[in-house]
Amino acid sequence: MTHRIDIMPKILGIDLGTTNSCMAIIQGGQPKVLENKEGARTTPSMIAVNKAGERLVGLPAKRQAVTNPANTLFSIKRLIGRRWNDAEVVRDRQVMPYQIVQKGDGVAIKMGEKEFTPEEISAMILQKLKADAEEKLGEKIEEAIITVPAYFDDAQRNATKTAGEIAGLKVRRIINEPTAAALAYGFDKKVGQQIMVYDLGGGTFDVSVLDVSEDTVEVKSTNGDTHLGGDDFDRVVIDWILKEFKAQEGIDLGKDSLALQRVKDAAERAKIELSTAQQTEINQPFITSDANGPKHLVLSLTRAKLEELVHDLVVKTLEPVKAALKDAGLDKSAIQEIVMVGGMTRMPLVLKTVEDFFGKKPNVSVNPDEVVALGAAVQAGVLQGEVKDVLLLDVTPLSVGIETLGGVMTRLIERNTTIPASKSQIFSTAADSQTTVEIHVLQGEREVAGGNKTLGRFILSGIPMAPRGVPQVEVKFDIDANGILHVTGTDKGSGKSQSITIQGSTGLSKDEIERMKREAEEHADEDKKAKERAEHQNLADTMIYTSEKMMKEAGDKVTAQERKSVEEKIEALKAVKDSDDHEAIKKAADELSTAAQAVGAKMYSASAKATADKQAQGVAQDAKDQPIDAEFEEKKGE
Amino acid sequence: MNDEQKKQEVDQVAPAFAEASVGREVEEVAKEVRCQKCEEYLAGWKRALADYDNLQKDLARERAEIRARVKQDVAHQLIGVLDNFDQAAKFQPEGLSKELEVWLTGLMHVKTQLEGVMRDLGLEPYGAVGETFDAHLHDAGGEKSEEDKADQAILEVVTRGWKLGDRIVRPAKVIINNKQ
């Protein structure tokens, strides 16, 4: 057993958010989000001190906020690095439930009996993230990369760095959140491109225009709305629910704090569900009661209605987008990529609005709640040297396989498999005494062999004569690191082998790949039917073949009546096997199977002869368990 | 200087200095570059093997986590249904007829059955009036101030908490005594 020593300690990528924070590391060259101790992928950026003087960080702080508002601190990011007279601070001094006091030119916050600077508060969040990461990874974390909004000034950046240092972290870099998001998508390699980052979080909205050059990612402009986010969207849905309930029952649920909490949870859930569903039900039975008895909140909310409710909020986000473009001196057509950040960007209306505005699809493949932390981890990886020399592994653009009985494509290596890769499968013959098999190598996503591209074909001959299904032909596909496909067919009985090498199986043009994928989607239904038909016919053929063989070999061990019964069933199956009536084929095959099994069982009890034993088993077995019959043609005269 | 640059330099240098002595030097530089490449590839290969080995361990761990998570997700859906059963019980009207009493008893048996399913999944309910509020276990939904009760004591359990082993699947939502 070897022991691995990590020479290079991990650098933690941290998205220190206004509402939630997230952390990620690089593992095996890939960024990965680390869960906190509670098992959540994000941690509320909240701190509290309870009556017992215990300090609570994250979720526990959030859970007691209602009963301890003066000592529960949140949105500290709005205060970090700010001066006492800054507009943001003046505003927060009026609206925050906790007490903000002056400390020199800057601010401090009272929590319990003590005063803390925003740096110290932020450090407590960072400390928790650090401790949770260490517990998860089983190793010390001493360095970090922390992200900040692009509009943060030097004082705010320095204060964030100080927070990291108080938490015991050496802050290797402070990077911009939009830059981190672009890094997560690997857009730092897109030299000369302009990227728009659209970040609609829980409470804030930020847009940034990035310019990617050889060595740097420059933030050309930023804009946004510091008080627009998911909470506003939730509020709109909550108000609609309260209004509907009041119209139905005449009761204002907003006055009942417990009922209101249930409504809030239900509104958020409905909003999330409508990102994937067209309609959802808000079902909160026994939500309240009056003199007439209990009342139930049961409402149906459609996506169309939700979009009508939040339409103005979504449209509102376009103004900062236009302003940021103007400040960057760019037309919207100059933006090559749009990166979506923040949970709210999952909403289809948000995506559609952005797509309609820019005339191109925004990037959404990386989880928008995690994309900033993942980007910070990518930057950490670059500093650690893990990402620098990452070997770019290729993948197979389309599946490869062979044609099998009934004109079906049997895939051996699936699309998107990382290469080099190899796979083998055992096939057999389709007819008695078949001595050759044709291996027809295909590429594509269609179920029907004819719909795919032929990469090559070859004949494996010299298979010893045997009943169908007995020979074992191993077909091995091997795609090397250069995308060259080697296909080998080997008859396990004789050891005879044939192979073919196909160059450039991965070198298809993007258009060609897209066309083949599109065709597969377009023909999915008819292909599925064709495949099912082929499978049923194969099953029927196997059943007929094995039953006839069994009856022939059974001789006088079966009564005339039993023979007649099986033969009738064979004829019935033959009559339907070529039809499109799958149910009829299945029914006839089942009936034949039952009749043949009865005969087989009788033969077992009557005789222990090994041959009979083997044949009976063959009939009883589901044909799916047998080797797959390849599409073989009997080569006469070979 | 990265390897690509080194390679290019060797490629550019080689034809210009084809004479014997310089040629040897070039050959040696090329050999050194090749050696470095070998080292680099060997290190990369070892790293790939180690990564794969670690990935297998990670996958085994993640599989266990996914199983627990799936269980937790299923439980989460059922918890909502159980909450509504609890809520319904709180609204039980008085003076029910004998027939309705029996019918209601049957309905509450369905609730008990559902609780059995939760226990079979490994989930345990918690949270009771009189316990001291703990933000690691409880979610404060509201507060009252009652002199005769202990400070921070739970006065009402709005919805029960559920845990799976040590993990809190859903904290208990409670009303607590918050003496000023």
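## Overview of chain A

In chain A, 65% of the contacts with a separation of 6 or more are between residues 24 or more positions apart, two residues being in contact if their C-beta atoms, placed from the backbone, lie within 7 Å. The structure is a predicted model, in which local features need pLDDT of at least 70 and side-chain atom pairs count only at pLDDT 80 or more, while totals for chains, interfaces and linings use all residues. Residues are numbered from 1 along each chain as its sequence is written, and chains are lettered from A and ligands numbered from 1 in the order in which they are written.

Chain A has 16 helices and 27 strands. Helices (H or I, at least four residues) and strands (E, at least two) are DSSP runs, numbered from the N terminus. Of the 638 residues in chain A, 44% are buried. A residue is buried if 20 or more other C-beta atoms lie within 10 Å of its own, exposed if 12 or fewer, and partly exposed in between, with C-beta atoms placed from the backbone.

Chain A contains an open sheet of 4 strands in the order β15-β14-β13-β18, with mixed pairing. Its edge strands are β15 (217-225) and β18 (337-341), each of which pairs on one side only. Two strands pair if DSSP finds at least two bridges between them. Neighbouring strands of this sheet are turned by 20 degrees against each other on average, direction ignored.

Strand β14 (residues 205-212) of chain A runs antiparallel to β15(A), and 8 bridges join them. One of the bridge pairs links Phe205(A) with Asp225(A) in β15(A). Helix α9 (residues 318-328) of chain A packs on the sheet, where it touches β13 (194-200), β14 and β15, and its direction makes about 145 degrees with that of β15(A). Axes are lines fitted to C-alpha atoms, for helices over the stretch in contact, and angles run from 0 to 180 degrees between N-to-C directions.

## Helices of chain A

Helix α6 (residues 230-249) of chain A has 20 residues and reaches 28 Å from its first C-alpha to its last, close to the expected 28 Å. The expected span is 1.5 Å times one less than the number of residues. The buried residues of α6(A) are Gly230(A), Phe233(A), Val237(A), Trp240(A), Ile241(A), Leu242(A) and Phe245(A). An α-helix has 3.6 residues a turn, so residues three or four places apart point the same way. Among the elements that cover the buried residues of α6(A) are α7 (257-273), β16 (279-290), β17 (293-302) and α8 (303-316) of chain A. After α6(A) comes Gly250(A), with a positive phi near 75 degrees.

Helices α5 (residues 177-184) and α11 (residues 371-384) of chain A pack at an angle of about 75 degrees, with their axes 7 Å apart. α5(A) and α11(A) are therefore roughly perpendicular to each other, a term for angles of 65 to 115 degrees, whereas those under 35 count as roughly parallel, over 145 as roughly antiparallel and the rest as oblique. The residues of α5(A) that meet α11(A) include Ala180(A) and Leu183(A), and those of α11(A) include Val371(A) and Leu374(A). By class, this contact has 10 nonpolar, 2 polar and 1 charged residues. Ala, Val, Leu, Ile, Met, Phe, Trp, Tyr, Cys and Pro count as nonpolar, Asp, Glu, Lys and Arg as charged, and the others, Gly among them, as polar.

Strand β24 (residues 473-479) of chain A has a covered face, formed by Val473(A), Val475(A), Phe477(A) and Ile479(A), and an uncovered one, formed by Glu474(A), Lys476(A) and Asp478(A). In a regular strand the side chains alternate between the two faces of the sheet.

β24(A) pairs in the antiparallel sense with strand β21 (residues 421-428) of chain A over 7 bridges, and Ile479(A) is the bridge partner of Ala421(A). With strand β25 (residues 485-491) of chain A, β24(A) also pairs in the antiparallel sense over 7 bridges; here Ile479(A) stands opposite Leu485(A). β24(A) and β25(A) form a hairpin with 5 residues between them, and Gly483(A) in the turn has a positive phi of about 85 degrees.

Chain B has 3 helices and 6 strands, which run α-α-α-β-β-β-β-β-β from the N terminus. Of its 180 residues, 16% count as buried. Asp134(B) lies in the loop between β1 (123-126) and β2 (138-144) of chain B. This residue, Asp134(B), is partly exposed because 17 other C-beta atoms lie within 10 Å.

The contact between the chains takes 25 residues from chain B and 20 residues from chain A. On the side of chain B that touches chain A, α2 (20-90) and β2 each supply at least two residues; α2(B) gives the most, with 8 residues. By class, that side of chain B has 10 nonpolar, 10 polar and 5 charged residues.
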